[in-house]
Amino acid sequence: MKSIYSLILPALMLLGLAAGCGSSAAKADPQPQYVTVRDGNFYIGDSIYRYIGTNFWYGPILASEGRGGDRERLARELDSLKALGLTNLRILAGADGREGLHSHVSPVMHTAPGEYNDTLLRGLDYLLAELEKRDMKAVLYLNNAWEWSGGYGTYLEWTGHGPAPLPNVDGYQAYVDYVKQFVLNDSARALSLENTRRLVGRTNTVTGKPYSESPAIMSWQVCNEPRAFSKEGKEALLTWIQETGRAIKEIDPNHLVSTGSEGKYGCEVDLDLWTRIHSLPEVDYATIHIWPRNWNWHRRGYAVEDLDTAIAYTKSYIDEHVAAIAPAKRPLVIEEFGYARDAEDFKIGSPITARDRYYDFMFSTVSQGKDIAGLNFWGWGGTAVPLHDTWEQGDPYTGDPAQEPQGLFSVFTADKSTIDLIRKHNKK
């Protein structure tokens, strides 16, 4: 005897009421909302995308289940960032090199050529899955010109160039003389490219989807602050960025490619080189970084007294890059900037009057203008409470990497005046 359901099933299917019965009844998953570029603007779908975000380099470590991992803190931080409208996060995909190095990220993800800490890779998977849940975006940088996550120096060590000097130990010039070899060395660049291919081509173990299909990724970034470090390496820098960008797009045509450049200061003070790099077809938008303290736009310890001078230099730097990239019709992002706490006191609760005024100026470039498509301040310290002036194993991660005083540039949730500024500008 046929059941009543079997008798009425055909009619239900015709009406589209039998959920799961036949392809006409099943709802297709919505297409991921990738960030695209048109006419000098970012878009998500048909809407212009502009943002005030932050740097959150340590996210994949927090997201791991191994040493340094703290998924409860990760959830708190992501929820706080989301509530503030800070939904665009610039993140280090993973550090390279040996464990235990001075001024270096720990734990390390890329431990030897082709060898990885799988716990940290799964941490990156988990972080992206959590960002997807919250409709947040990530810019993932894949290399670093500086020592704190390995990068240039590690790839040169792995290709037989001897131990990499450390700027804080061996001096800045010794470091420059060493790492200037990277863009000129075929073997070191090849190792970097292989790492890029592995990460971009990865499948997320949490979601089961290729990274290329993740709506959480806004952009793959060739490097944090890529530099030639010599006049002889300038054209090699352009070629390396172009080759890496091309490789990324071959694997992942859905997401944007960016450079991580500081601007002309990352191109041997050659604005034309910066413009040519960011006009390449393999590069989707332009980036600059701004560091008044590091670039001597204010005297160290005089962040308050020299604030107006720092703002004037900042405005000039922004304006010249806006003018330089305008013919290419590429969005421009200020993806790193920081300003020290008053009198360079690192402690939470110490005065931040100058930083707040500087941030107010910077946020206004996005909230009140059209020339800057987005920015990410450096960096998010959130609920962390630094235990030492310099980072030590077991300390909580802040926005300041291990080579910097902990708290110098970090924005903590306890910094109420800065948090209020962020909330005000993101409402605009």
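Reader: Is Y265 buried, partly exposed or exposed?
Author: This is a predicted model, with local features needing pLDDT of at least 70, side-chain atom pairs counting only at pLDDT 80 or more, and totals for chains, interfaces and linings using all residues. Residues are numbered from 1 along each chain as its sequence is written, and side-chain values use heavy atoms, leaving out hydrogens and water. Buried means under 20% relative accessible area, exposed over 50%, and partly exposed in between (1.4 Å probe, protein chains only). Y265 comes in at 26%, so call it partly exposed.

Reader: Which kind of aromatic pair do Y265 and W295 form?
Author: Phe, Tyr and Trp rings (for Trp, the six-membered one) pair if their centres lie within 6.5 Å; planes under 30 degrees apart are stacked, over 60 edge-to-face, the rest tilted. Here the centres sit 4.5 Å apart with 75° between the planes, making the pair edge-to-face.

Reader: How many residues apart in sequence are the parts this pair ties together?
Author: Helices (H or I, at least four residues) and strands (E, at least two) are DSSP runs, numbered from the N terminus. Y265 is in the loop between β10 and α10, and W295 in the loop between β11 and α11. So the parts tied together are separated by 30 residues.

Reader: How are the rings of Y359 and F377 arranged?
Author: Y359 is buried at 0% relative accessible area, and F377 is buried at 0% too. Their ring centres are 5.6 Å apart with planes at 45°, so the pair is tilted.

Reader: Which ring does the charged end of R38 sit over?
Author: That takes NZ of Lys or CZ of Arg within 6 Å of the ring centre and within 35 degrees of the ring normal. At 3.8 Å from the ring centre, R38 sits over Y43.
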